[in-house]
Amino acid sequence: MNARAATVALAVAAALAPAAQAAAQSTRYPPPPEDLDAEREQESPFWEDVLEPGLARYEEQVDRAAQLIVRRAHEARTTAIALLEEAAALLPGRADAWAWLGIVREQDRDYPGCAADYARAWAIDPAWDGSGDRAAPRPLALGLGTCLARTGDLDDAAAALERLIALGEARTEAYFRLGEVYLAQERLDDATAVLEVALDGSPAETFYVHAAWAMVVAADRARDPARLERAAQLALARDAQLGHVGQPPGGFVPATERDYYLGLATLLAGQPERALIHLRAFAAAHDGAWRGRALERAEEAAGFRAADRVVVEQTDTLDAAAVTRAMTKIEPAARACLKETPRLLVSVRATRYGPPLEPAQPATDGKGARDGKDARGSKRAAKPAPKKPTTGRRGGPIGGRIPPPEGVGVSMLLIGYEPDGAAAAAAVACIERAAAKVQLPAPTTAGTWVTATMPVVWR
């Protein structure tokens with residue numbers, strides 16, 4: 001008999017000893033009827049600890065950690081990691097602690113750590129879906145594939161995600177994650193196929209918009225304009241302000257993809273000056289197969305008309321086209337200032353005020369009548385004040401917005417690289433000198449103003 005079997009036998013004998021004593025008890029006073037359910041509840045942890053010493057403590061540690069992880073607070077996650085590491089050391093052959101360690105480390109963006117922990121859990125129990133009363137937030141293979149992809153292990157990431165999909169347990173996120181892995185592997189046909197499945201799902205899914213943007217990139221690289229247009233419509237309908245495109249949960253695979261996604265998104269959204277910066281940044285950081293395509297798109301973005309990017313706001317009735325012409329006259333000189341800093345986007349703003357309002361004067365009719373009263377003190381009806389015209393971009397309404405300070409201002413909008421401070425400062429100073437020559441038309445109505453804003457980028 002080995003040591004484990006002997007231990008179990010001794011424990012069984014010890015457990016049976018009270019029953020032997022009870023059998024010798026007088027039948028005159030029989031014991032109360034047994035509560036079998038209560039007995040099972042009391043004996044189950046005991047037997048589990050007999051068969052697997054430390055299991056009760058392990059399960060307690062894991063359950064406490066799982067509750068803390070749900071809170072998503074940094075301090076709670078730190079405590080959860082300590083509990084789970086202790087549990088994993090206690091019973092390393094169980095999947096629960098490893099799986100929850102993967103979950104919490106993924107929340108902390110520790111991708112090598114979560115990949116290793118998910119892999120330990122996967123090796124023990126690929127079908128793990130939670131512990132105790134705590135259900136897993138998502139399938140184990142999905143977490144494993146996500147973390148492996150972000151460590152650069154694309155082949156193993158694809159294998160885990162493909163297995164999950166083959167089991168028929170996938171959700172939109174799984175197809176999106178596999179699509180981004182295939183894109184990183186330059187498998188455009190495979191990426192398109194899985195992303196199509198993702199987009200056949202519910203638009204209410206969290207990852208639907210990210211799948212749509214991934215399809216935009218896949219279609220662009222495959223030079224498939226029809227699919228690109230459909231995907232762009234889906235993406236922009238759910239992300240018109242481009243708040244999601246640059247921030248998929250977990251970041252991009254690889255990280256340099258961010259500028260390609262943002263370059264396409266801003267180009268499709270009618271912001272070519274921003275697209276130019278992102279696409280140049282991608283081309284500078286990437287020497288792979290898609291660098292040439294990014295440069296093609298950058299050349300396309302550079303073809304915009306400066307006049308189309310001028311925004312005019314005013315409270316007078318000036319001709320907006322005349323204001324735009326005044327701004328575009330200084331654009332070539334301002335643009336030339338950025339030749340040495342081609343990944344810098346700058347905004348020029350010019351504001352001009354109309355004549356000042358006359359101080360309010362008491363009303364009088366020359367016969368001593370003032371303050372809205374005639375000479376006998378009777379009230380007269382006051383004339384209504386004239387309404388100020390209010391126009392915005394290309395004449396649209398702007399309400400009661402306070403105008404910017406009068407004069408010219410220059411500010412940096414977007415930087416597509418780690419800038420040389422001196423070079424950037426010199427470029428801005430050069431643009432300020434060029435912008436100082438702008439001559440906006442003067443508003444003619446007292447108390448009104450006009451302001452025009454124009455982006456400037458080297459092209």
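This is a predicted model: local features need pLDDT of at least 70, side-chain atom pairs count only at pLDDT 80 or more; totals for chains, interfaces and linings use all residues.
Reader: Where does His210 sit?
Author: His210 is part of helix H11, which covers residues 208-221.

Reader: Buried or exposed?
Author: His210 counts as buried, because its relative accessibility is 6% and the cut-off for buried is under 20%.

Reader: And what does His210 touch?
Author: Leaving aside residues up to four places away in sequence, His210 touches Phe176, His244, Gln247, Pro248 and Pro249.

Reader: On to H13. How many of its residues are buried?
Author: In H13, 9 of the 12 residues are buried, so the helix is largely enclosed by the rest of the structure. Among them are Glu257, Tyr260, Tyr261 and Leu262.

Reader: What covers them?
Author: The cover over the buried residues of H13 includes helices H9, H11, H14 and H15.

Reader: What is the span of H13?
Author: From first C-alpha to last, H13 reaches 17 Å, close to the 16 Å expected. Gly270, with a positive phi near 80°, follows H13.

Reader: Now the sheet. What is the strand order?
Author: The order is S3-S6-S4-S5, in an open sheet of 4 strands with antiparallel pairing. S3 and S5 are the edge strands, each pairing on one side only. From one strand to the next, the twist averages 15°.

Reader: How many bridges between S4 and S5?
Author: S4 and S5 pair over 8 bridges. Within S4 (residues 344-353), Leu344 stands opposite Ile415 in S5.

Reader: Which strands does H14 touch?
Author: H14 packs on the sheet and touches S4, S5 and S6, with its direction at about 40° to that of S5. Helix H18 lies across S4 and S5 and runs at about 145° to S5.

Key
Residues are numbered from 1 along each chain as its sequence is written. Side-chain values use heavy atoms; hydrogens and water are left out. Helices (H or I, at least four residues) and strands (E, at least two) are DSSP runs, numbered from the N terminus. Buried means under 20% relative accessible area, exposed over 50%, partly exposed in between (1.4 Å probe, protein chains only). Contact means heavy atoms within 4.5 Å. The expected span of a helix is 1.5 Å times one less than its number of residues. Two strands pair if DSSP finds at least two bridges between them. Axes are lines fitted to C-alpha atoms, for helices over the stretch in contact, and angles run from 0 to 180 degrees between N-to-C directions.
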